Amino acid sequence: MTWTPLRCLRPRLCIGLDLAPQRLRLALARRRGRQREVLRLAQAALPDGLLQDGQITDLDAVVQACRPLLDPACPAQAALVLGMPRTCLSVQRLVLPAGSSDWERLAQVRAEMSAYGLAPADHVMDYRVAPARAGQDVSLWAWAASSLAVEDRLALAAALHRPLAALPPEDECLGDFLRPAASAAHDALLHLDPDDSWLIYGDTPTQGLRWRPAVAGPTALLAELAPLLRPKPQRLLLDCHPAALPTHGALPMLRAAFARYAGLRALPAPLPADLILAPSARLPGANPVGSFHLAIALAWRGLA
């Protein structure tokens with residue numbers, strides 16, 4: 001999803017900027033024929049307290065942290081893509097009459113979401129249509145994002161003197177990036193992160209998980225996932241932030257636990273086939289790109 005006012009840009013160079021508490025990550029990508037090429041990956045620390053529940057508390061400090069990553073390494077014509085964190089979003093499933101235009105649907109979404117206490121004056125709204133047969137009512141997932149969080153990101157792009165190409169939900173963007181549309185009906189994506197773990201499976205919004213690596217092991221994770229993975233997916237794609245499974249061999253052990261106790265084929269989520277990593281974007285260490293999946297996904301969305 002891209003917020004409606006921002007759907008007109010189709011840049012050839014995009015910067016995906018992953019903002020999170022205590023750090024930010026950047027991916028610069030470009031179109032290369034039918035492929036998309038990652039040209040640069042970079043990261044920097046953020047002081048504590050600059051992000052609270054997805055909102056920017058000190059814009060000037062965030063801008064100062066971003067500028068060394070952007071200038072002069074990123075060309076001036078590169079557009080910016082920022083994500084909306086799950087903490088700033090409310091999601092509802094709606095059924096609307098068939099035959100309406102995009103703008104009519106958006107007006108209906110605003111009216112329906114108001115009934116859930118999500119006032120249009122305080123939220124920016126958009127939607128994604130679920131697959132349906134011709135002539136049937138339209139089933140869709142509607143999003144309402146905090147206006148303050150949206151304004152924060154618009155102000156950040158303006159302060160960095162970059163056009164904002166897209167502002168998608170982070171989880172939905174990462175899900176589209178790592179779980180191809182052709183496999184979405186039968187594959188699940190499990191994102192494990194020290195701060196926010198979640199599951200996407202089928203035509204449902206993201207399911208947030210209570211599981212955290214610092215306090216629970218694979219058995220607790222399996223117990224929480226069991227009711228969410230029905231019917232059983234063909235594959236469970238794993239997107240594991242390195243800090244979520246810091247010990248050597250933790251990922252193979254987790255995959256073995258899924259296979260033994262749940263009969264699930266679990267494997268690392270592959271990068272899209274049309275994405276290539278330039279030598280200038282390669283980093284040392286074991287799977288360092290795993291930390292940059294969201295930043296790359298944001299840039300990839302901007303080039304879609």
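1. A word on the basis. This is a predicted model, in which local features need pLDDT of at least 70 and side-chain atom pairs count only at pLDDT 80 or more, while totals for chains, interfaces and linings use all residues. Residues are numbered from 1 along each chain as its sequence is written, and side-chain values use heavy atoms, with hydrogens and water left out. Helices (H or I, at least four residues) and strands (E, at least two) are DSSP runs, numbered from the N terminus.

2. Let us begin with a sheet. It is open, has 6 strands in the order β10-β6-β1-β2-β3-β16, and its pairing is mixed; two strands count as paired if DSSP finds at least two bridges between them. At the edges sit β10 (164–166) and β16 (275–277), each of which pairs on one side only. From one strand to the next, the twist averages 35 degrees. Strand β3 (residues 35–45) runs parallel to β16, joined by 3 bridges, and V38 stands opposite L277 in β16.

3. Two helices meet this sheet. Helix α1 (residues 59–70) packs on the sheet and touches β1 (13–20), β2 (23–32) and β3, its direction making about 40 degrees with that of β2. Contact here means heavy atoms within 4.5 Å, and angles run from 0 to 180 degrees between N-to-C directions, with axes being lines fitted to C-alpha atoms, for helices over the stretch in contact. Helix α7 (residues 293–302) lies across β1, β2, β3, β6 (79–82), β10 and β16, and runs at about 145 degrees to β1.

4. Helix α7 also has a helical partner. Helix α4 (residues 170–178) packs with α7 at an angle of about 85 degrees, their axes 9 Å apart. The two are therefore roughly perpendicular (angles under 35 degrees count as roughly parallel, over 145 as roughly antiparallel, 65 to 115 as roughly perpendicular and the rest as oblique). Residues of α4 in the contact include C173, L174 and F177, and those of α7 include I296, L298 and W300. By class, this contact has 9 nonpolar, 1 polar and 4 charged residues; Ala, Val, Leu, Ile, Met, Phe, Trp, Tyr, Cys and Pro count as nonpolar, Asp, Glu, Lys and Arg as charged, and the others, Gly among them, as polar.

5. Now for another helix pair. Helix α5 (residues 218–225) and helix α6 (residues 250–262) pack at about 50 degrees, with axes 10 Å apart, and are therefore oblique to each other. P218, L221, L222 and L225 of α5 meet L254, A257, F258, Y261 and A262 of α6. These residues divide into 9 nonpolar, no polar and no charged.

6. Strand β11 (residues 187–192) is worth a look. Strand β14 (residues 235–240) pairs with β11 in the parallel sense over 6 bridges, with L189 opposite L237. Strand β12 (residues 198–201) pairs with β11 in the antiparallel sense over 4 bridges, and the two form a hairpin with 5 residues between them.

7. Strand β9 (residues 138–146) is mostly covered too: 9 of its 9 residues are buried. Strand β7 (residues 89–96) pairs with β9 in the antiparallel sense over 8 bridges, and V91 has W143 as its bridge partner. Strand β8 (residues 123–129) also runs antiparallel to β9, through 7 bridges, and M125 stands opposite A144.

Definitions and conventions:
Buried < 20%, exposed > 50% of the residue type's maximum accessible area, 1.4 Å probe, protein only.
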